[in-house]
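Please keep the sequence and the coordinates at hand.

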Amino acid sequence: MAGKAKTVSHPLAAGTRMSDVAYERILEGLFDRRVPAGAFISQNELSAIVDVPVAPLRDALRVLEAEGILTIHPRSGIQFIRPGLELTRATYQFRAIIERSAIRVFAEQGDEAVMNALEIRHSRLLRRVERDGLGKEQLEEMDALEGELHGAIIAALRNPLIDSTYRRMHNYLRLLRLDRKITTPIMVRTLKEHLDILEACGTRNADAAEGKLQSHFQAAMQRNLGLV
């Protein structure tokens, strides 16, 4: 890999396993672009980038390989996944399968206070973006709302197996978004799609909520592919 990567030091929490630290730091390296998506890199190079010894690094790499984030080539190096059409399709197909069931439960049984709070925050952000355009704070709030809305939908199923699987899927989603250009019109459309979902949930209309969610996923997949 071209150039010498800067090592970032992180404090360790008491009782934290180094393999868990390595797992999180490798993902951080991908998401902050110190490790480019699709990169082919040696274990020693990666160890230096994430500031973790090789032994616990190997344990983390095996977990990430099982999750599909990378491929280990013995005596050669590590190949990280490169986002593309197939990963985009697979990610959104998985989300649709899980969340279409979850949104029906959320619409019928979800906490009204949670729905109302999310709707208020989405509406406030929409007004700010329409008035002021995009900035760091708006982007950070959008990321937070994205996670909280879809997290609340998934949590409605109260299924720990789905929760853990969905968290791993979220890593794919973050990879897909690395090269996505966010503009004011794109954020406005996304916020309005979220508000449509919340409005349907607020009226306890499971059919409408599922339909709005599916429309949102179709539009989001097109945005990730650069089609709109």
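Where is the place of arginine 75? Arginine 75 sits in the loop between β2 (70-73) and β3 (77-80). The model is predicted, and the values below are computed from it.

- Arginine 75 has a positive phi of about 60 degrees, although it is not a glycine.
- With a relative accessible area of 86%, arginine 75 is exposed.
- Aspartate 51, also not a glycine, has a positive phi of about 60 degrees.
- The loop that holds aspartate 51 runs between α2 (43-50) and α3 (54-66).
- Aspartate 51 is partly exposed, its relative accessible area being 35%.
- As background, most residues other than glycine have a negative phi.

**Helices α2 and α3**

- The two helices on either side of the aspartate 51 loop pack at an angle of about 100 degrees, with their axes 10 Å apart.
- An angle from 65 to 115 degrees counts as roughly perpendicular, so α2 is roughly perpendicular to α3.
- On the α2 side, the contact is made by Gln43, Asn44, Leu46, Ser47 and Val50.
- On the α3 side, Val54, Leu57, Arg58 and Leu61 take part.
- By class, the residues of this contact divide into 5 nonpolar, 3 polar and 1 charged.

**Helices α1 and α7**

- Helix α1 (residues 18-31) packs with helix α7 (residues 160-176) at an angle of about 25 degrees, and their axes are 10 Å apart.
- Angles under 35 degrees count as roughly parallel, and α1 and α7 are therefore roughly parallel to each other.
- Tyr23, Leu27, Leu30 and Phe31 of α1 meet Asn171, Arg174 and Leu175 of α7 in this contact.
- The contact of α1 with α7 has 5 nonpolar, 1 polar and 1 charged residues.

**Helix α4**

- Helix α4 (residues 85-109) has 25 residues.
- From its first C-alpha to its last, α4 reaches 35 Å, close to the 36 Å expected at 1.5 Å a residue.
- A bend of about 30 degrees occurs in α4 at glutamate 99.
- Glutamate 99 is one of the buried residues of α4.
- Others on the buried list of α4 include Leu87, Thr88, Thr91, Tyr92, Arg95 and Ala96.
- Further along α4, Ile98, Ala102, Ile103, Phe106 and Ala107 are buried as well.
- The buried residues of α4 pack against α5 (112-132), α6 (136-155), α7, α8 (184-202) and α9 (206-224).
- In general, an α-helix has 3.6 residues a turn, so residues three or four places apart point the same way.

**Isoleucine 154**

- Isoleucine 154 is in helix α6.
- Isoleucine 154 counts as buried because its relative accessibility is 3%, where the cut-off is under 20%.
- Leaving aside neighbours within four places in sequence, isoleucine 154 is in contact with Ile98, Glu99, Ala102, Ile162, Asp163 and Tyr166.
- Of these contacts, Ile98, Glu99 and Ala102 are among the buried residues of α4.

**Isoleucine 41**

- Strand β1 (residues 40-41) contains isoleucine 41.
- Isoleucine 41 is buried, with a relative accessible area of 1%.
- Isoleucine 41 and methionine 187 are 146 residues apart along the chain, and their C-alpha atoms are separated by 35 Å.

Conventions. Residues numbered from 1 in each chain as written. Predicted model: local features only at pLDDT ≥ 70, side-chain atom pairs only at ≥ 80, totals over all residues. Heavy atoms only, no water. Axes fitted to C-alpha atoms, helices over the stretch in contact; angles between N-to-C directions. Helix = DSSP H or I, 4+ residues; strand = E, 2+ residues; numbered from the N terminus. Parallel < 35°, antiparallel > 145°, perpendicular 65-115°, else oblique. Contact = heavy atoms within 4.5 Å. Nonpolar A, V, L, I, M, F, W, Y, C, P; charged D, E, K, R; others polar. Buried < 20%, exposed > 50% of the residue type's maximum accessible area, 1.4 Å probe, protein only. Expected span 1.5 Å × (residues − 1). Bend = angle between axes of the 7 residues up to and from the residue.
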